[in-house]
Amino acid sequence: GAREVRAFPSGAPEDCRRGAGRACALCRWVSVMAAAGAEAGGARIAVAGAGPGAAGPVGDGATGPAVAEATATGPAVTECEAEAGAAGPVAAEAPPPPLPGLQLVKQGAEAHVYRGLFLGRAAVAKLRVPKRYRHPALEERLSRRRTAQEVRSLLRCRRAGIPAPVVYFVDYVTNSIYLEDIVDSITVQVHISSVQQSGNDTSSLLALGEKMGELLARMHDEDLIHGDLTTSNILLRPPVEKLDLVLIDFGLSFISGLPEDKGVDLYVLEKAFLSTHPDTETMFKALLKTYAATSKKSGPVIKKLDEVRLRGRKRSMIG
Amino acid sequence: MELTHRLELFPECSVSLLLFNRLKNAAALRKKAMEGSIEGALINPAMIVDPFQVLVAANKAVHLHKIGKMKTRTLYAEIIFSLSPNNNISDAFKKFGISDSDTAVLIVLVVDGEKTVNLKDIASQVEGQQVSLDELPQLTDTAKVKKVFTPQEEKIGTLLDSVVCRMSAKDVL
């Protein structure tokens with residue numbers, strides 16, 4: 001089994017999240033370790049903790065005296081861990097969920113994405129990857145906030161009639177989301193590439209661009225900013241000719257009415273578009289045209305978009 | 001006849017759904033459920049559009065039970081609460097639990113570990129006819145469900161989709 005390894009921050013006892021100011025054995029031990037310079041040396045100490053991948057013996061990365069200290073305070077540490085109960089350290093990476101037909105789809109920066117059957121339905125499991133370079137308290141808070149924002153955005157989309165996957169289950173302990181798998185769908189990225197490669201009817205791409213513009217206009221009119229608009233975050237349901245689009249991956253989304261935020265959202269898409277798909281300028285133009293026509297608040301947004309374009313890298317700011 | 005599903009995330013737990021029609025002792029059953037003498041959640045089938053809806057609620061309830069973060073006092077109460085789109089417990093019971101005048105009931109059992117499912121024991125307490133879960137759609141009151149869930153997303157999904165999404169996402173609001 002995997003060992004749960006945890007690098008301890010050199011925080012003061014007051015930073016301990018296990019009760020404000022309570023100098024628990026763990027925190028006192030942390031200060032001692034820091035003082036001993038063991039932390040600076042990057043000593044990693046295995047801790048017997050709750051949850052998956054629970055530890056075995058103390059890690060072999062630790063130096064001699066560190067090991068002795070660790071074992072000596074072992075019972076105290078375990079006790080502290082046990083006290084923390086469910087709100088234990090989020091150090092170990094969550095093992096893949098035991099869903100039937102499980103397969104790893106993507107290993108993103110934020111999460112591992114799996115496909116499988118959940119309660120008898122084709123589902124996607126997004127398991128957040130804990131970032132160990134972050135302070136655990138921050139990591140926990142950030143993870144939880146991102147998960148909540150993603151779920152909130154998905155619900156908001158659906159309530160407004162914007163196609164997005166259905167949420168099946170949210171685990172706030174591991175910050176994992178189980179949602180609907182849009183079966184046999186392809187990303188717009190893959191679709192555009194295949195249409196361009198086969199040298200086929202590229203005018204259909206214009207229609208696709210218009211559909212995308214319309215969808216994004218509706219989303220922005222709900223004051224929902226996607227935050228990570230790329231062609232691989234928009235899916236096409238089968239059959240592809242129907243141009244039935246679904247938005248996914250709302251992990252970086254937020255609510256905002258500011259034209260600035262909407263303009264930046266579009267700018268991100270434009271950059272992703274033009275860098276991934278050559279010769280799609282006309283397609284993106286069609287997208288913007290339909291966006292402007294569909295959205296009730298598009299005027300200021302397009303204006304901001306033009307401003308943001310001038311701001312980007314390698315742009316002259318003179319004048 | 002009944003539907004049993006092993007929860008993927010909690011492999012030791014299996015959920016069983018039993019549907020009864022032509023119910024005569026709804027009042028007595030409700031009383032028993034309130035006392036806690038029935039090992040099961042008694043649900044009003046008119047509010048259920050698909051067994052998946054119940055499985056989602058059961059999965060959430062079992063999860064919260066395992067981490068000790070249930071909002072209600074028992075697992076079975078939590079299942080009923082999880083079916084509701086809002087966080088009002090008594091409202092959930094009123095809408096999704098059975099009432100004295102009901103003529104059908106959907107019973108949910110959760111079996112942990114090696115315990116064998118005692119379906120006969122439950123069935124003997126019900127004065128009604130057990131029917132297959134396939135008959136559930138006939139018992140669904142779609143108008144009532146729509147009134148509670150007010151789905152605006154008719155074109156992007158089924159009623160079940162909007163119901164399940166609301167259920168799963170309610171604690172983020």
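Domain bounds are those of an automatic or database domain assignment. By that assignment, chain A holds domain 1 (102–180) and domain 2 (186–312). The structure is a predicted model, in which local features need pLDDT of at least 70 and side-chain atom pairs count only at pLDDT 80 or more, while totals for chains, interfaces and linings use all residues. Residues are numbered from 1 along each chain as its sequence is written, chains are lettered from A, and side-chain values use heavy atoms, with hydrogens and water left out.

Taken over C-alpha atoms, the centres of domain 1 and domain 2 of chain A are 23 Å apart. Domain 1 of chain A brings 15 residues to the contact and domain 2 of chain A brings 17 residues; contact here means heavy atoms within 4.5 Å.

The size of an interface is often given as the accessible area lost when the parts come together. Between domain 1 and domain 2 of chain A, the buried area is about 1,400 Å², and carbon and sulfur atoms give 59% of it. Buried area is the accessible area (1.4 Å probe) that two parts lose on being put together, summed over both. On the side of domain 1 of chain A, the residues that lose the most area to domain 2 of chain A are A:Arg156, A:Ile162 and A:Pro163, together 36% of what that side buries.

The two domains of chain A are also joined by 1 salt bridge, a term for a side-chain nitrogen of Lys or Arg within 4 Å of a carboxyl oxygen of Asp or Glu. A:Lys126 forms a salt bridge with A:Asp249, and their closest N and O atoms are 3.1 Å apart.
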